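Dear colleague,

Please find below the sequence and structure that I am handing over to you. A short account of what was found follows.

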Amino acid sequence: MGSLSLQNIGRNFGKNKGVFDVNFEVENGEFFVILGPSGCGKTTTLRIIAGLETADTGHMFLDDREITNFPPRMRNIAMVFQNYALYPFMTVKQNIQFPLKIMKMSKADQDAKAEEVAKMLGIDDLMERKPGEISGGQRQRVALGRALVREPALFLMDEPLSNLDAKLRTQMRVELKRLQREFNTTTVYVTHDQVEATTLADRACIMNGGRVVQLEGPLELYNSPADTFVATFVGDPPMNMIPAKVKAANNEVMLEVLGQLIPLKNFTIEEGQEREVKLGVRPEDTLVGDQGIEANLAVIQNVGKSVYEYFKVGDLTIVKQDTKNSGLVIGQNCYLFPDPAKLMLFDEASGKLIYKGGKMVKNAPTTA
Amino acid sequence: MENKYSKKEKVQRREEVDVFRMNNYYKNIRTLKKIASHLVLILFALFAVFPIYYVVITSLNSIGSLSASSLADLLPNTKMTLVNYSQIIFQHPFFIWLRNTLILTVASTFIGVMLSITSGLAMSRLNVPAKRMLLYMLLILSLFPFTMMVIPFYFMFSNFHLLNTYLGLIIPYSAGAVIYSTYLIKNYVDGLPTSYEEAAQMDGLSKAGALFRILVPMARPVIVFAAVLAFMGPYTDYALAGQFISSPSLYTLAIGMYYVSQGSITMNYGTYAAFSVLMGIPIFILFFVFQKYLVSGFSLSMYK
């Protein structure tokens with residue numbers, strides 16, 4: 001069991017730092033990811049859930065019990081730290097058994113439990129070693145074991161994969177997902193890596209400046225970002241952002257971008273009006289054609305399964321992604337245009353998404 | 001033979017030989033450097049060991065006074081005897097002095113280190129009011145020589161009727177240990193990430209429980225170092241013990257050393273040296289046992 005609910009949680013560190021008015025619900029058994037750049041308040045939010053930090057405002061419920069002011073040990077929440085925080089003077093076995101020892105479980109039960117968890121994590125042959133004598137990936141497993149062994153209501157992870165090398169990280173990502181399914185423990189996972197978010201999360205929320213910006217399934221974050229921040233944060237390389245203007249004249253709505261006019265369907269705007277917008281195009285939705293924005297190819301990155309081409313347009317850099325080379329050589333001029341069905345428009349002033357997939361977004365802010 | 005090679009080939013061969021020579025030259029230089037540095041190190045080692053040797057060799061001689069000694073006495077010779085040692089052990093209450101010293105040192109080390117652990121942890125991890133001021137005060141206190149406080153302490157303790165008691169020495173000794181050790185432990189614990197005690201709190205311990213059950217074992221190197229420091233001070237102290245203790249049954253080793261080595265006219269250097277060796281043995285054992293911790297402890301105290 002373990003459903004978590006945060007209501008208006010706030011913690012002010014002064015100077016506009018901290019977290020403000022955070023609301024979300026995590027359902028039982030869900031893998032919930034908090035995503036955001038460093039300093040966005042995601043770790044603070046996690047520490048408030050853990051009870052290591054106290055909230056100034058708001059309420060927090062775990063299984064409908066208010067735990068806002070509970071000390072960490074009374075919350076029945078386990079946590080995996082970024083540096084694993086394995087007690088260096090204890091063996092792996094003692095580390096895993098430590099929460100059980102504090103619960104005053106019988107020695108035989110402790111041994112059985114630790115053995116069972118260690119088997120599932122594949123660390124049963126390391127039990128008598130000290131944390132200093134095992135590798136980073138193994139330490140990670142021990143930290144998971146220590147958290148899993150007491151079957152907590154909620155499982156918190158603070159960037160648990162960031163200390164591993166790239167290959168191990170991919171491997172552990174798969175493993176984490178499998179373990180979470182197996183134990184079916186509600187998990188709140190903090191990361192700045194959007195690949196981790198998209199691969200692990202059932203739902204994810206993006207934080208920026210201490211506030212939740214968007215809360216949705218990980219694919220929705222990619223496909224319909226709420227604003228320019230989410231749009232550029234999720235996706236690698238980030239979405240191309242180009243200043244543009246929507247014009248309505250002669251019963252035609254046109255998007256004017258870098259001197260080029262692109263016809264726009266279903267855009268609500270009064271005849272004769274203009275609106276400043278930001279054009280957002282994913283690298284894979286950037287196309288090369290006979291006409292469009294004149295650009296100059298500057299860099300080609302071939303990573304095997306896809307090719308990234310970086311174009312210069314004035315001071316702007318536009319990235320294009322494809323599965324194969326476009327045949328252009330560096331320094332060559334060409335014409336770029338956005339896939340009309342995929343292009344997104346964001347409000348210039350608020351940065352909110354207003355137009356996507358060939359139509360206006362519901363409840364989009366109108367002209368500023 | 002010579003005509004077998006063209007001129008160009010000869011030049012090339014010459015160059016190869018040169019390169020070979022250069023390589024050998026650098027190899028030799030490296031060997032020379034190694035020899036030179038070892039010579040210097042041996043010199044320093046001798047410099048460090050000589051006083052110990054000097055004390056040991058003096059303790060084995062039975063020379064009455066300095067004027068009767070010669071440089072030859074510095075080398076092992078046939079006149080060597082254990083008479084100085086037997087005198088100390090069999091003609092004086094050496095073991096009573098040892099017992100007194102151990103009671104004082106062990107008690108004050110234990111009390112001092114316990115207090116330092118709690119205060120060091122508090123200074124590092126808790127929101128102690130006026131923390132900075134308290135730390136500066138500790139630092140200022142450690143600047144004063146201990147002997148400076150002998151006379152004020154004497155008057156104060158005589159009012160409390162603490163002269164000629166164990167307690168009268170244990171109190172100032174442990175207080176002295178707290179001054180240094182609190183700072184040492186605080187600095188060490190500052191360097192430990194907070195995630196360890198946070199993990200322990202998530203695992204079910206209270207904040208205090210997490211500090212004592214996780215941070216104290218993690219701070220073991222600095223605690224051992226602090227304990228050895230706290231032990232050494234009282235063990236060798238003469239200034240305070242010499243003033244506070246007047247009844248012979250409470251003499252410590254340091255007082256006893258002074259007592260036995262005083263001859264009727266001159267200082268009895270042989271006995272003095274023998275006593276130093278006897279007193280040095282426990283410290284030698286202590287350093288040997290805790291070597292691992294002390295090496296790291298000394299490097300820690302450098303960063304103070």
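The side chains of A:Asp322 and A:Lys320 form a salt bridge, with N and O 3.5 Å apart; the term stands for a side-chain nitrogen of Lys or Arg within 4 Å of a carboxyl oxygen of Asp or Glu. A:Asp322 is partly exposed at 30% relative accessibility, whereas A:Lys320 is buried at 4%. Here buried means under 20% relative accessible area, exposed over 50%, and partly exposed in between (1.4 Å probe, protein chains only).

This is a predicted model, in which local features need pLDDT of at least 70 and side-chain atom pairs count only at pLDDT 80 or more, while totals for chains, interfaces and linings use all residues. Residues are numbered from 1 along each chain as its sequence is written, chains are lettered from A and ligands numbered from 1 in the order in which they are written, and side-chain values use heavy atoms, with hydrogens and water left out.

Over all chains, the count comes to 24 salt bridges. One of them joins A:Lys278 to A:Glu348, with the closest N and O atoms 4.0 Å apart. This pair links distant parts of the chain, 70 residues apart: A:Lys278 is in strand 14 (residues 274-281), and A:Glu348 is in the loop between strand 20 (344-347) and strand 21 (353-356) of chain A. Helices (H or I, at least four residues) and strands (E, at least two) are DSSP runs, numbered from the N terminus. Both partners are partly exposed, A:Lys278 at 26% and A:Glu348 at 35%.

A further salt bridge, between A:Lys107 and A:Asp111, has an N to O distance of 3.9 Å. These two residues lie in helix 3 (residues 107-121) of chain A, four residues apart, about one turn of the helix. A:Lys107 is exposed at 53%, and A:Asp111 is partly exposed at 27%.

We now turn to the interface. How many residues does each chain bring to the contact? Chain A gives 22 and chain B gives 17, where contact means heavy atoms within 4.5 Å. About 1700 Å² is buried between the two chains, and carbon and sulfur atoms give 64% of this area; buried area is the accessible area (1.4 Å probe) that two parts lose on being put together, summed over both. Two salt bridges cross the interface. B:Asp203 and A:Arg146 form a salt bridge, their closest N and O atoms lying 3.4 Å apart.

Yours sincerely
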